[in-house]
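Student: Could you walk me through this one slowly? I'd like to look at it while we talk.
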Amino acid sequence: MLRRLDHPWQLMTVEGSRRLRITLSTVEISVFKHATESLDKVKEAVLNLFCPEDREQVEANIRYEWLEGVYGNPIVLIRVKVKPPLSDKLVRRIAGKLPEEDKAYLAVTLNRRLDGDTLYIRLDKEAAYLGAFNVRDRGDVIKLVIKLTRRGRNKREVANFLKELGLIK
(Lines give C-alpha, C1' and ligand atoms only; values in the text may rest on other atoms or scores of the structure.)
Protein backbone atom coordinates (compact mmCIF):
# COMPACT_ATOMS: atom_id res chain seq x y z
CA MET A 1 0.00 0.00 0.00
CA LEU A 2 1.42 3.37 -1.04
CA ARG A 3 0.49 6.87 0.02
CA ARG A 4 1.92 10.31 -0.65
CA LEU A 5 3.48 12.37 2.11
CA ASP A 6 3.95 16.11 2.48
CA HIS A 7 7.31 16.14 0.75
CA PRO A 8 6.71 16.05 -3.03
CA TRP A 9 9.21 13.25 -3.65
CA GLN A 10 8.59 11.14 -0.61
CA LEU A 11 6.70 7.91 -0.62
CA MET A 12 5.73 5.87 2.38
CA THR A 13 5.05 2.18 2.11
CA VAL A 14 3.25 0.22 4.75
CA GLU A 15 4.08 -3.49 4.91
CA GLY A 16 2.48 -4.96 7.98
CA SER A 17 3.68 -2.81 10.83
CA ARG A 18 6.93 -1.73 9.11
CA ARG A 19 7.09 1.69 7.52
CA LEU A 20 9.60 2.36 4.79
CA ARG A 21 10.25 5.97 3.83
CA ILE A 22 12.01 6.72 0.57
CA THR A 23 13.25 10.19 -0.38
CA LEU A 24 15.79 11.70 -2.70
CA SER A 25 18.92 12.75 -0.90
CA THR A 26 21.69 14.05 -3.14
CA VAL A 27 22.52 13.94 -6.82
CA GLU A 28 26.16 13.98 -7.86
CA ILE A 29 26.88 14.93 -11.46
CA SER A 30 30.22 14.37 -13.15
CA VAL A 31 31.45 14.72 -16.71
CA PHE A 32 34.79 14.75 -18.50
CA LYS A 33 35.83 17.60 -20.80
CA HIS A 34 38.32 16.28 -23.33
CA ALA A 35 41.00 18.32 -25.11
CA THR A 36 38.90 18.68 -28.26
CA GLU A 37 35.87 20.06 -26.38
CA SER A 38 35.00 23.52 -25.15
CA LEU A 39 34.86 23.87 -21.36
CA ASP A 40 31.99 26.34 -21.70
CA LYS A 41 29.96 23.93 -23.83
CA VAL A 42 30.48 20.98 -21.50
CA LYS A 43 29.55 23.17 -18.52
CA GLU A 44 26.45 24.30 -20.45
CA ALA A 45 25.47 20.65 -20.98
CA VAL A 46 25.55 20.17 -17.20
CA LEU A 47 23.66 23.39 -16.51
CA ASN A 48 20.99 22.42 -19.06
CA LEU A 49 19.98 19.59 -16.72
CA PHE A 50 18.65 22.21 -14.30
CA CYS A 51 15.76 24.64 -14.46
CA PRO A 52 16.88 28.08 -15.72
CA GLU A 53 16.20 29.71 -12.34
CA ASP A 54 18.57 27.26 -10.58
CA ARG A 55 21.52 27.47 -12.96
CA GLU A 56 23.29 30.37 -11.26
CA GLN A 57 23.23 28.58 -7.90
CA VAL A 58 24.46 25.34 -9.50
CA GLU A 59 27.21 27.09 -11.44
CA ALA A 60 28.57 28.55 -8.19
CA ASN A 61 28.96 24.99 -6.83
CA ILE A 62 30.66 23.42 -9.85
CA ARG A 63 34.13 22.04 -9.09
CA TYR A 64 36.86 21.48 -11.68
CA GLU A 65 39.73 19.02 -11.53
CA TRP A 66 42.48 19.22 -14.13
CA LEU A 67 43.79 15.80 -15.14
CA GLU A 68 46.13 14.35 -17.73
CA GLY A 69 45.18 11.56 -20.11
CA VAL A 70 47.34 8.54 -20.94
CA TYR A 71 49.01 10.37 -23.84
CA GLY A 72 49.41 13.64 -21.94
CA ASN A 73 46.20 15.15 -23.24
CA PRO A 74 44.46 17.59 -20.88
CA ILE A 75 41.17 16.45 -19.35
CA VAL A 76 38.94 18.41 -16.99
CA LEU A 77 36.64 16.58 -14.60
CA ILE A 78 33.58 18.72 -13.90
CA ARG A 79 31.57 17.85 -10.79
CA VAL A 80 28.63 19.25 -8.91
CA LYS A 81 26.62 17.84 -6.02
CA VAL A 82 23.12 19.08 -5.19
CA LYS A 83 20.89 18.46 -2.19
CA PRO A 84 17.14 18.86 -1.65
CA PRO A 85 15.17 20.76 -2.77
CA LEU A 86 17.44 21.23 -5.80
CA SER A 87 18.01 17.48 -6.19
CA ASP A 88 14.23 16.98 -6.21
CA LYS A 89 13.75 19.57 -8.94
CA LEU A 90 16.60 18.09 -10.97
CA VAL A 91 15.25 14.53 -10.94
CA ARG A 92 11.73 15.81 -11.67
CA ARG A 93 13.02 17.80 -14.66
CA ILE A 94 14.98 14.84 -16.02
CA ALA A 95 11.99 12.52 -15.55
CA GLY A 96 9.78 15.00 -17.39
CA LYS A 97 12.10 15.26 -20.38
CA LEU A 98 13.21 11.63 -20.76
CA PRO A 99 11.67 9.82 -23.73
CA GLU A 100 9.29 6.98 -22.81
CA GLU A 101 11.58 4.38 -24.38
CA ASP A 102 14.43 5.56 -22.12
CA LYS A 103 12.16 5.27 -19.07
CA ALA A 104 11.28 1.72 -20.13
CA TYR A 105 14.98 0.94 -20.63
CA LEU A 106 15.79 2.28 -17.14
CA ALA A 107 13.09 0.03 -15.70
CA VAL A 108 14.47 -3.04 -17.48
CA THR A 109 18.04 -2.27 -16.38
CA LEU A 110 17.16 -1.12 -12.86
CA ASN A 111 18.88 -4.06 -11.14
CA ARG A 112 22.20 -3.09 -12.75
CA ARG A 113 21.74 0.60 -11.90
CA LEU A 114 20.71 0.24 -8.28
CA ASP A 115 23.34 -0.50 -5.66
CA GLY A 116 21.99 -0.23 -2.13
CA ASP A 117 20.66 3.30 -1.77
CA THR A 118 22.33 4.58 -4.94
CA LEU A 119 20.94 4.81 -8.46
CA TYR A 120 23.32 5.28 -11.41
CA ILE A 121 22.18 6.91 -14.65
CA ARG A 122 24.22 8.18 -17.61
CA LEU A 123 22.91 10.79 -20.02
CA ASP A 124 24.16 11.70 -23.49
CA LYS A 125 26.42 14.76 -23.10
CA GLU A 126 25.81 16.17 -26.60
CA ALA A 127 22.03 15.77 -26.30
CA ALA A 128 22.11 17.55 -22.91
CA TYR A 129 24.02 20.44 -24.50
CA LEU A 130 21.19 20.70 -27.04
CA GLY A 131 18.57 20.57 -24.26
CA ALA A 132 17.41 16.97 -24.68
CA PHE A 133 17.86 14.16 -22.18
CA ASN A 134 18.66 10.66 -23.42
CA VAL A 135 19.96 7.66 -21.52
CA ARG A 136 23.28 6.45 -22.90
CA ASP A 137 25.35 3.78 -21.21
CA ARG A 138 28.68 4.32 -22.94
CA GLY A 139 30.67 6.92 -24.74
CA ASP A 140 30.55 10.61 -23.94
CA VAL A 141 28.16 10.83 -21.01
CA ILE A 142 27.14 12.87 -18.01
CA LYS A 143 27.10 10.59 -14.99
CA LEU A 144 24.37 10.97 -12.37
CA VAL A 145 24.68 9.32 -8.97
CA ILE A 146 21.32 9.62 -7.23
CA LYS A 147 21.36 8.87 -3.52
CA LEU A 148 18.15 7.74 -1.86
CA THR A 149 17.32 7.92 1.81
CA ARG A 150 15.31 4.91 2.85
CA ARG A 151 14.80 2.35 5.53
CA GLY A 152 14.74 -1.23 4.35
CA ARG A 153 16.33 -2.85 1.35
CA ASN A 154 13.38 -3.70 -0.88
CA LYS A 155 14.14 -3.00 -4.57
CA ARG A 156 10.47 -3.33 -5.47
CA GLU A 157 9.66 -0.36 -3.24
CA VAL A 158 12.44 1.67 -4.84
CA ALA A 159 11.05 0.78 -8.28
CA ASN A 160 7.59 1.95 -7.17
CA PHE A 161 9.12 5.19 -5.88
CA LEU A 162 10.93 5.76 -9.19
CA LYS A 163 7.69 5.09 -11.07
CA GLU A 164 5.95 7.68 -8.90
CA LEU A 165 8.69 10.15 -9.84
CA GLY A 166 8.15 9.33 -13.49
CA LEU A 167 11.79 8.28 -13.92
CA ILE A 168 10.98 4.72 -14.95
CA LYS A 169 8.02 3.19 -16.71
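Student: Is Tyr64 buried, partly exposed or exposed?
Tutor: Tyr64 is partly exposed, because its relative accessible area is 29%, where buried means under 20%, exposed over 50% and partly exposed in between, with a 1.4 Å probe and protein chains only. Keep in mind that this is a predicted model, in which local features need pLDDT of at least 70, side-chain atom pairs count only at pLDDT 80 or more, and totals for chains, interfaces and linings use all residues. Residues are numbered from 1 along each chain as its sequence is written, and side-chain values use heavy atoms, with hydrogens and water left out.
Student: And how many aromatic pairs are there?
Tutor: The structure holds one aromatic pair. The ring centres of Tyr64 and Trp66 are 5.8 Å apart and the planes stand at 40°, so the pair is tilted; rings of Phe, Tyr and Trp (its six-membered ring) pair if their centres lie within 6.5 Å, and planes under 30 degrees apart are stacked, over 60 edge-to-face, the rest tilted.
Student: What about Trp66, buried or exposed?
Tutor: Trp66 is exposed, with a relative accessible area of 61%.
Student: New topic: which residues of α4 are buried?
Tutor: In helix α4, residues 100–108, the buried ones are Asp102, Lys103 and Leu106, helices being DSSP runs of H or I with at least four residues and strands runs of E with at least two, numbered from the N terminus. Seen down the axis of α4, they fall within an arc of 100°, so they line one face of the helix, the arc being that of the directions from the helix axis to the C-beta atoms.
Student: What sits on the face turned away?
Tutor: That face of α4 carries the exposed residues Glu101 and Val108.
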